[in-house]
Amino acid sequence: MSEQESLRCSSARNRGGVQRVEGKLRASVEKGDYYEAHQMYRTLFFRYMSQAKHAEARELMYNGALLFFSYNQQNSAADLSMLVLEVLEKSETKVEDEILEHLAKLFSMMDQNSPERVAFVSRALKWTTGGSGKLGHPKLHQLLAVTLWKEQNYSESRYHFLHSSDGEGCAQMLVEFSASRGFRSEVDMFVAQAVLQFLCLKNKNSASVVFSTYTEKHPSIEKGPPFVQPLLNFIWFLLLAVDGGKLTVFTVLCEQYQPSLKRDPMYNEYLDRIGQVFFGVPPKQSPSYGGLLGNLLNSLMGSGEDDDGAEEAQEDSSPIELD
């Protein structure tokens, strides 16, 4: 028997072993012996880990978590979900789409108000930082955003969309958010904030996609450009200016649209940052913002990062690295 055939046989035996164990554990859960089954899962987890059977441990914990969720055993399911993350961390498993989808599935089944859910998503995103960006993998952010959107948790969904590369999905969520929770007079503000924040994060592509998709699909926005709402015209011109990279155009644009920009005190703060990122404007003296304003600016804009030149920033459409 060749080495390759031997490995295949070994893998098949291991898979068969896992399936037999899962059958016994499922029977315990179906009988209502939740505590006993949970302890058996934990025992097997540590046994597999001690034998470096990482794939088997991950599969067993993932399927066990799904089983406990199906019986509404939230605490046991959340514990096994955390063990899935422990396998990923200790085995130095590479980030793959299938694993991200599994993590998002576990997240979607957790109690929306549980502290375990917060801990799980924070730890899951941290594990993915070996892939793309210090804030977590854009694909996982996208999957989390869609889950939260389905739960109508629009604010949290919006945060995760901002750190993904899914401008179209973000726009569709914002249309629903605006239509169900916003005033008709604010339809332009929903997309303006998203575009400005995407640009602060150096994600020019998503900024353009979220604007074009939102303005096309929102039922309260007449076809443009030009648009009826001055703020939408400003955003349209701003995206063109970012492509052109001319500081004079950016400066005149911001001056001409000040009445619209005063509708939200954060707009000019975002534009200061956009000026630095795309037009080479030197940063202002660091103001000592406090409270919510300071927290928002620091978390969104990454106050501790090194500033790149405008030319380099224009070529970089990936999310900014934040603390």
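1. K202 lies in the loop between α10 (187-200) and α11, and in this predicted model its phi is near 65°, a positive value in a residue other than glycine. With a relative accessibility of 5%, K202 counts as buried, since the cut-off for that class is under 20% relative accessible area.

2. Q152 also deserves a look, as a residue that has a positive phi of about 60° although it is not a glycine. The residue is placed in the loop between α7 (138-150) and α8. Its relative accessibility is 44%, and therefore Q152 counts as partly exposed, a class that lies between the 20% limit for buried residues and the 50% limit for exposed ones. As background to these two points, most residues other than glycine have a negative phi.

3. The loop between α11 (204-217) and α12 (230-244) holds P225, and the peptide bond that leads from G224 to P225 is cis, with omega near 0°. P226 belongs to the loop between α11 and α12 as well, and the bond joining P225 and P226 is again a cis peptide bond, for which omega is about -5°.

4. Where does S164 sit, and is the residue buried or exposed? S164 is found in the loop between α8 (154-162) and α9 (167-181), and because its relative accessibility is 0%, S164 counts as buried. The side chain of S164 reaches the backbone nitrogen of D166, at a distance of 3.1 Å. Leaving aside residues up to four places away in sequence, S164 touches P138, H141 and Q142, and also F198, N203 and S206. Of these partners, P138, H141 and Q142 carry numbers that fall within α7 (138-150), F198 falls within α10 (187-200), and S206 falls within α11 (204-217).

5. On confidence, the protein averages a pLDDT of 87, and 82% of the residues score at least 70. Over residues 302-323, however, the pLDDT is below 50, and this stretch has 50 contacts in the model beyond near neighbours in sequence. Those contacts should be read together with the pLDDT below 50 that the predictor assigns to residues 302-323.

How values were computed:
Residues numbered from 1 in each chain as written. Predicted model: local features only at pLDDT ≥ 70, side-chain atom pairs only at ≥ 80, totals over all residues. Heavy atoms only, no water. Helix = DSSP H or I, 4+ residues; strand = E, 2+ residues; numbered from the N terminus. Buried < 20%, exposed > 50% of the residue type's maximum accessible area, 1.4 Å probe, protein only. Polar contact = N/O pair within 3.5 Å; in protein donor to acceptor, adjacent residues only side chain to side chain. Contact = heavy atoms within 4.5 Å. pLDDT = per-residue confidence, 0-100.
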